[in-house]
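The sequence and structure come first, and the description follows.

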Amino acid sequence: MDSYDDTALALMKFGVGQPVPRKEDPTLLRGQGRYTDDINLSGQAYAVMVRSRIAHGLLKGIDTAAASTMPGVLAVLTSAELDAAGFGPLKCPMNIPQRDGSPMKTPPRPSLAKGKVRFVGEAVACVVAETALQAKDAVEAVELDIEELPAVTSPAEALASGAPQIHDGVPGNLALDFHYGDGEAVEKAFAEAAHVTRLEIVSNRIVVNPMEPRSAIGSYDPASQRWTLNVGCQGVIGLRGGLARDVLGVTPDKVRVLTGNVGGSFGMKSQVYPEYGPLLLASKQLGRPVKWTDERSESFLSDHHGRDHQRIAELALDKDGNFLAVRLTGTGNAGAYIYPPMPATTNAVKNIIDVYRTSAMEVNSKVVFTNTTPIGAYRGAGRPEGNYYMERLIDTAAREMGIDRAELRRRNHIGPTQMPYKAPSGMNYDSGEFTTVLDKALQAADWAGFDRRRQESAARNKLRGRGIGSYLEVTGPPAKEYGGIRFEADGTVTMLSGTLDYGQGHATPFAQVLSAKTGIPFERLRLLQGDSDQLKVGGGTGGSKSALVASQAFLEAGDILIEQGRQIAAHVLEASAVDIEFMHGRFTIAGTDRGIGIMELADKLRSGLTLPPDVPQSLDVSHISDNPPFSFPNGCHVAEVEIDRDTGTIEVVRYFMVNDFGTVINPMLTAGQAHGGVIQGIGQALMERTIYDGQGQPIAGSFMDYAMPRAADAPDFSIENHSVPCKTNLLGVKGCGEAGCAGALPSVMNAVVDALSEFGITHIDMPVTPEKVWRVLNGKA
């Protein structure tokens, strides 16, 4: 078998659509990953943060004298040192207009508290010492003089008359009064509706909890006057820009961000955090690197939290059950400082429509400051919630109107012949077969055989319920992305991408795409994402868009590589470039068997091949791609739960999902993403909850008192792909990273309500803990 046949077989094994194992797994499973805390730079010192133990108060003084004289202590930084060095505050990078068109209230956030503390866990000072233990001891010696003020932890409290003012210049603690939609058309639809379903519904606050806590190392080089931050993040280019612009006040070329392996993020590690500025300043002042690693209890306080929305969701229907309008009204808890509030605003708009024909919609949302840990993105960032609200409305409406819940969904599906479909959210759906996906999911779940399983559960003193969770989510917005290809001296080929892998497994699917396009052997391809000095642009990873944007960038870069190779091969083969054909990694003269493989051509270039000046001098490609539009992954999940009548304990006993992710690059990785998202959805639905007492103190601060889903809570999954390729990007991919949450929240919660319906329960809020269910079953709610 010749090399051409070998390449063809390799492409069959490693090409798009194949379940290729992740490249990084052998390294990670041997404990050879390199996370930020694994990095130790020569001469590094260690930092520990002094954090407020009071939720709201006037910061009248910080006494660092005792701490400064303790063994090993090198420096104690406060906001005064940061101000003197010209360091700026953190800023919200997005400003969503208010209802009246005025800008959102975005008070800056100091890296170290100044004048006031606004939540428990806010960083007030930074202690740097020779060892982490010395720094930790010295933190206890820093005395804070705080005049405690009343605290508010819920939007309702914060909006009430006479509530404590959290930020000057933000009257009534209202950061954003958001409105989207045609209010008059929606009001008319509700007035004329034959039936209106209304639910008060909560998306509970949760702690993000990635496996790897946040960690960072700040360094400064006086010779080049450049700052370097080693840090786990979701995109080095975006983080570099925020650090340079807002904190350091320098141009981006003066900052380098380095990211190695990242142990999870789910949206949480995407932005600049307050700890990074003090680390960088301390490194400059001390002339040595400064390292900081969070502890888990600190992470509960200082990492931003997720969700925390309170809604009134309403659905208007005609007498036949056709949807006329949907409306959301409510609040989103911003916490003490504001990050881009998409979950409560724009992402709610984009995702509430789901897979249904709905001619009118309206979203009214007040984003409110409270004395709690700030809220940021968490797996889906409003996408799962939007689908959750709609799917709960549909199940409730079906019960109220006496219509089968599956039939009500079919009756209102957007049909394939209606594509492209312009939704009232402003989104243009390009493809989808929503009824087919629903029917496949019901068939896989043996929907028709449920009564037998329910009777069997009843014989064991268990209540059994089933739930449908259809979803459609809108992926991250278009932006430029980098697709670089670099042939290395050792014979490997480096792919450069501005996305960033924090557990998804990018190296494998990206290599599958580029190998299939160019014929470069899969095993020769390496991925570089985590060095801002080697990237030109990069949107980072978030919004289920990485496969979409990276595949587009690498396919376009592959076209450029092939054209460059064609011209170089023409010179080597002594032929005209127009006569050179390319297939399966080999350039050949048309009509002959004379040719040269792409890797052989790269070897010749490394050996000093002399080329005419009008021929490309390298196979390397540095390409910036204009991202394609939004894509719309969708699917249907079906869950069955059992509830113990005596204890209220809930178990998810069956779980089926049919997903439309468009072209699936790697079904093994896609299934892993779906499984992880479902487990996180089950966690929010059944157990996770972050609550505060009346003084703003969080009740749960460790895994001893915060429930997280474990392996025993995971059902056996059945997963099927019904792929309808997206029509707006080169590969037809749609994204899969957040879909598990989007399907799990409504399917599990609809199943729980179904199980409890014989007790007259029509709605119950997340998390549905055993205590909550026990109270319902025993009339104690």
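Strand S27 (residues 650-660) has eight of its 11 residues buried, so it is largely enclosed by the rest of the structure. Buried here means under 20% relative accessible area, with exposed over 50% and partly exposed in between, using a 1.4 Å probe and protein chains only. Strands (E, at least two residues) and helices (H or I, at least four) are DSSP runs numbered from the N terminus. The model is predicted: local features need pLDDT of at least 70 and side-chain atom pairs count only at pLDDT 80 or more, while totals for chains, interfaces and linings use all residues. Residues are numbered from 1 along each chain as its sequence is written, and side-chain values use heavy atoms, with hydrogens and water left out.

Strand S26 (residues 634-644) runs antiparallel to S27 and is joined to it by 10 bridges; two strands pair if DSSP finds at least two bridges between them. Glu640 stands opposite Arg654 in S27. S26 and S27 form a hairpin with five residues between them, and Gly648 in the turn has a positive phi of about 80°. S27 is also joined by five bridges to strand S28 (residues 717-721), and these two run parallel. Here Phe656 stands opposite Ser718 in S28.

## Aromatic pairs

The whole structure holds 15 aromatic pairs. Rings of Phe, Tyr and Trp (its six-membered ring) pair if their centres lie within 6.5 Å; planes under 30 degrees apart count as stacked, over 60 as edge-to-face and the rest as tilted. The ring centres of Phe119 and Tyr337 are 6.4 Å apart and the planes are at 80°, so this pair is edge-to-face. The two residues lie 218 residues apart in the chain: Phe119 is in the loop between strand S4 (116-117) and strand S5 (123-129), and Tyr337 is in the loop between strand S14 (323-335) and helix H11 (346-352). Both Phe119 and Tyr337 are buried.

Phe323 and Tyr356 also form an edge-to-face pair, with 5.6 Å from centre to centre and 65° between the planes. Both Phe323 and Tyr356 are buried.

## Charges over rings

Phe87, Tyr220 and Trp227 form one aromatic cluster. Lys284 lies over the face of Tyr220, at 5.1 Å from the ring centre. A charge sits over a ring if NZ of Lys or CZ of Arg is within 6 Å of the ring centre and within 35 degrees of the ring normal. Arg466 lies over the face of Trp447, at 3.9 Å from the ring centre.
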